[in-house]
Amino acid sequence: LTYNAQPALMACGGASFWVLKKLTGKNLTELANYLCGHSLGEYTAMTVAGVFSLKECSQLLRLRGKAMQKAVPVGKGAMAAFIGADISTILDILKQVQSFGVCDIANDNSDGQVVISGDLEAVENAINLMKQHGIKRAVLLPVSAPFHCRLMQPAQLTMEKALNNLEFQQPTLPIISNINAEPETDPNKLRINLIDQVTGTVKWRETMLLAKKLGVQKITELGSGKVLTGIAKRMIENVSILNIENSADLENIL
């Protein structure tokens, strides 16, 4: 369930960073110029950057998970990944399924990988339209709720209240936001970004394009999985890209 998975994934990402920091003897500003995180990973980035504490982040993500789960009854919502599709094609499909319910772009992940989210019937109809739009593949995702769409409005209100009651500190490094793919250091803007993120699109493709524009030389993915490493490798040339998921990865990097 997402209210268990979210704090757990944050803990994996945070642990990877804190071990890396300890073993290299370097602080965050010596290891990186920018931070970003995909969806709940944005919370991990803010914790690492000192915007709020590990305890505060754990409590926020537990609340976020519960609020997201509660926002939509089990079985009513769905998410689907479209492979080999561009944003404009997906937007055309979404217009065609409006009558079946809410259906929004949840993640603009990379060139050719877009995730949609919304009412189950609308998502299923969007998948059925795949072939006539020349899309290679579309699959329903095994998720417990339809994240990053308008159905998450009740969860957004819950998070807005919690985030407004929390004091945000200045981050050690600029954090590239999911909602607008822009580097941010202003604590109030970071707060607004997290609130908007609940129902908004995760603009990861734009984040990778920004990394390219900024002349980033190295990208390191911290925590569980290698999905973001794969996206970065496909989208950015002549950049050192690696991930730290376990002790073997860490030893190789050191």
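## Salt bridges

In this predicted model, the count of salt bridges comes to four. As a general point, side chains of opposite charge can pair when their charged atoms come close. One of the pairs joins Lys76 to Asp119, whose closest N and O atoms are 2.5 Å apart. Because Lys76 sits in the loop between helix H4 (54-71) and strand S2 (77-85), while Asp119 belongs to strand S4 (residues 112-119), this pair ties together parts that are 43 residues apart in sequence. The two partners can also be described by their accessibility: Lys76 is partly exposed, at 41% relative accessibility, whereas Asp119 is buried, with a relative accessible area of 10%.

Another salt bridge brings together the side chains of Arg205 and Asp108, at 3.0 Å from N to O. Arg205 is in helix H9 (residues 204-214) and Asp108 is in strand S3 (residues 103-110), so the parts that this pair ties together are 97 residues apart in sequence. Both Arg205 and Asp108 are buried. Arg205 also forms a salt bridge with Glu206, with 3.8 Å between the closest N and O atoms, and Glu206 is partly exposed, at a relative accessible area of 24%.

## Cysteines without a disulfide

The count of disulfides comes to zero. For Cys103, the nearest cysteine sulfur is that of Cys149, 8.2 Å away; because a disulfide requires two cysteine sulfur atoms within 2.5 Å, Cys103 is in no disulfide. Cys103 is buried, at 6% relative accessibility, and Cys149 is buried as well, with a relative accessible area of 0%.

## A buried histidine

His148 is found in the loop between strand S5 (137-140) and helix H7 (153-164), and it counts as buried, at 3% relative accessibility. Its side chain reaches the backbone oxygen of Gln197 at 2.7 Å. When residues up to four places away in sequence are left out, His148 touches several others, among them Ser39, Arg64, Ile105, Asn107, Thr199 and Val202.

## Helix H7 and the surface

Pro154 lies in helix H7 and is partly exposed, with a relative accessible area of 41%. Pro154 and Met68 are 86 residues apart in sequence, yet their C-alpha atoms are 7.9 Å apart in space.

Elsewhere, Val19, Leu23 and Leu254 make a nonpolar surface patch of about 280 Å². Of these residues, Leu254 belongs to the segment after helix H11 (247-253), and Leu254 counts as exposed, at 54% relative accessibility.

How values were computed
Residues are numbered from 1 along each chain as its sequence is written. This is a predicted model: local features need pLDDT of at least 70, side-chain atom pairs count only at pLDDT 80 or more; totals for chains, interfaces and linings use all residues. Side-chain values use heavy atoms; hydrogens and water are left out. Buried means under 20% relative accessible area, exposed over 50%, partly exposed in between (1.4 Å probe, protein chains only). Helices (H or I, at least four residues) and strands (E, at least two) are DSSP runs, numbered from the N terminus. A polar contact is a pair of N or O atoms within 3.5 Å; within protein, one must be able to donate a hydrogen and the other to accept it, and residues adjacent in sequence count only if both atoms are side-chain atoms. Contact means heavy atoms within 4.5 Å. Patches are made of residues with over 30% relative accessible area and no salt bridge: like charges are joined within 9 Å, nonpolar side chains (Val, Leu, Ile, Met, Phe, Trp, Tyr) within 5 Å. Accessible areas come from the Shrake-Rupley method with a 1.4 Å probe; for residues, only the protein chains shown count as cover.
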